Amino acid sequence: MNASANSGPGPAPGAKPLKVTIVVLPPCSMSGVGMILDSLRLANEIDGHALYDWQICSWDGRPLTFAGGAQLQADTAFGDAVSCDWLIVVSERYQQFADYRLFLQSLARVGSRTPRVTGIHHGVWWLAMAGQLSAYRVAVNWETYQQFAEEFERSIVTQQIFEIDRDRSTCTGGQATVDFMLAMIARDQGADLAERIADSLGIGVLRSGEERQRIPFVTAPGERHPRLNDALQLMEANIEDPLATDEIAGLVGISRRQLERLFRQYLGAMPSKYYVNLRLTKARTQLQRTSKSVVQISLACGFASAAHFSNAYRDRFGVTPREERRNWIEKHSGQAPDEPRGGALLGSSREPV
């Protein structure tokens with residue numbers, strides 16, 4: 001639990017602190033949780049009043065173990081008895097565990113009665129699985145953006161670093177967690193306090209929810225040629241139905257030869273080769289994290305046949321798609337890849353396939 005003791009301006013006399021429950025699901029890093037806790041702690045310390053009162057939950061109440069062996073003690077187990085003003089679910093990968101269906105049922109019930117519900121990084125997936133994000137704008141980490149959009153068609157998926165939509169909010173994780181937390185504190189307590197927290201954390205400029213994610217190799221204006229950035233964004237947005245190199249060049253307003261020169265100069269590859277590798281990388285994620293068939297994945301990543309996909313995959317990664325999946329299962333303690341995330345369970349968006 002938190003505490004505060006300094007003097008200074010604060011909430012109205014008699015105002016109660018906002019009760020925050022932070023549900024941490026493995027895998028998660030100390031830094032990912034720390035950015036949430038530091039923001040709340042500094043809000044209390046700088047304002048001088050107990051603005052926020054929080055507890056940390058694991059699913060079973062046991063300590064949370066991070067990479068490197070560090071542990072974080074949980075205040076309590078998560079379940080139907082949890083009552084709070086603000087529920088935050090944080091995880092760095094959607095990874096099922098033995099009782100995950102019971103957890104989803106509790107998450108659906110607690111979420112439905114909680115005034116403010118937030119998912120951070122892959123906590124967004126857990127909320128969507130619990131039926132909490134239908135008809136809301138949802139910020140999804142770029143790595144699983146397309147997959148999430150396919151699985152949860154009732155959500156309005158965006159590429160912003162965070163979204164605050166009525167009583168639901170979502171954040172893509174990483175450094176965006178601080179921007180998001182301070183945006184929420186600014187809504188609760190005023191922009192001045194958020195700016196003072198940012199100063200304490202050494203943050204120069206806070207990003208708003210209008211900021212789009214930085215996709216690797218898609219850099220900020222001026223770092224690389226803007227036409228290259230446009231081409232890379234087109235590729236990211238057209239995985240299932242790949243565009244021809246001539247089409248991409250025409251859409252970004254340059255010749256094919258100019259486009260090829262930019263790719264060679266900045267990325268050391270021809271556009272077609274880079275595009276295939278991008279699609280294969282997307283396929284690898286789906287092989288590891290979903291139970292979609294190889295045929296389904298090959299079509300979703302723009303390959304005309306499973307045979308073509310298998311050959312290209314082996315050339316790129318040294319194993320076939322089926323070997324990739326088998327190796328991943330064996331590496332992760334024999335657990336099967338995540339089930340399709342839709343279905344009748346808890347009212348999520350799609351039926352299992």
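The following conversation covers backbone details, cores, one arginine and the cavities of a predicted model.

Visitor: What should I know about the model and its numbering before starting?
Guide: It is a predicted model, in which local features need pLDDT of at least 70, side-chain atom pairs count only at pLDDT 80 or more, and totals for chains, interfaces and linings use all residues. Residues are numbered from 1 along each chain as its sequence is written, and side-chain values use heavy atoms, with hydrogens and water left out.

Visitor: Which peptide bond is cis?
Guide: The bond from Pro26 to Pro27 is cis, with omega near -5°. Pro27 belongs to the loop between strand S1 (18–24) and helix H1 (30–47). Helices (H or I, at least four residues) and strands (E, at least two) are DSSP runs, numbered from the N terminus.

Visitor: What is the phi of His121?
Guide: The value is near 55°, which is positive in a residue other than glycine. His121 lies in strand S7 (residues 116–121).

Visitor: And where is Ala135 found?
Guide: Ala135 is in the loop between helix H3 (123–129) and strand S8 (137–139). Its phi is also positive, about 70°, although Ala135 is not a glycine.

Visitor: Is His121 buried or exposed?
Guide: His121 is buried, with a relative accessible area of 17%. Ala135, at 47% relative accessibility, counts as partly exposed. Buried means under 20% relative accessible area, exposed over 50%, and partly exposed in between (1.4 Å probe, protein chains only).

Visitor: Changing topic, which residues have the most contacts inside the largest nonpolar core?
Guide: They are Ile22, Leu40, Tyr52 and Trp86, in a core of 38 residues. The elements giving two or more residues to this core are S1, H1, strand S2 (52–58), S6, helix H5 (176–189) and helix H6 (191–201). H1 contributes the largest share, eight residues. A nonpolar core is a set of buried Ala, Val, Leu, Ile, Met, Phe, Trp, Tyr and Cys residues joined through side-chain atoms within 4.5 Å.

Visitor: What does Leu40 touch?
Guide: Not counting residues up to four places away in sequence, Leu40 touches Val20, Ile22, Tyr52, Trp54, Trp86 and Met181. Contact means heavy atoms within 4.5 Å. A second, separate core of 31 residues includes Trp59, Leu104, Leu127 and Val157.

Visitor: Where is Arg168 found?
Guide: Arg168 is in strand S11 (residues 168–171), and at 7% relative accessibility it counts as buried. A polar atom of the Arg168 side chain lies 3.2 Å from the backbone oxygen of Gly111.

Visitor: Which side chain does Arg168 join through a polar contact of 3.3 Å?
Guide: The partner is the side chain of Asp167. A polar contact is a pair of N or O atoms within 3.5 Å; within protein, one must be able to donate a hydrogen and the other to accept it, and residues adjacent in sequence count only if both atoms are side-chain atoms.

Visitor: Which residues line the largest one?
Guide: The lining of the largest cavity consists of Glu143, Thr144, Tyr145, Gln146, Gln147, Lys282, Thr285 and Gln286.

Terms used: On a 1 Å grid over the protein atoms alone, a cavity is a set of points where a 1.4 Å probe fits but cannot get out, and a pocket is an open set with protein on both sides within 12 Å along at least five of seven lines; lining residues have an atom within 4 Å of a point.
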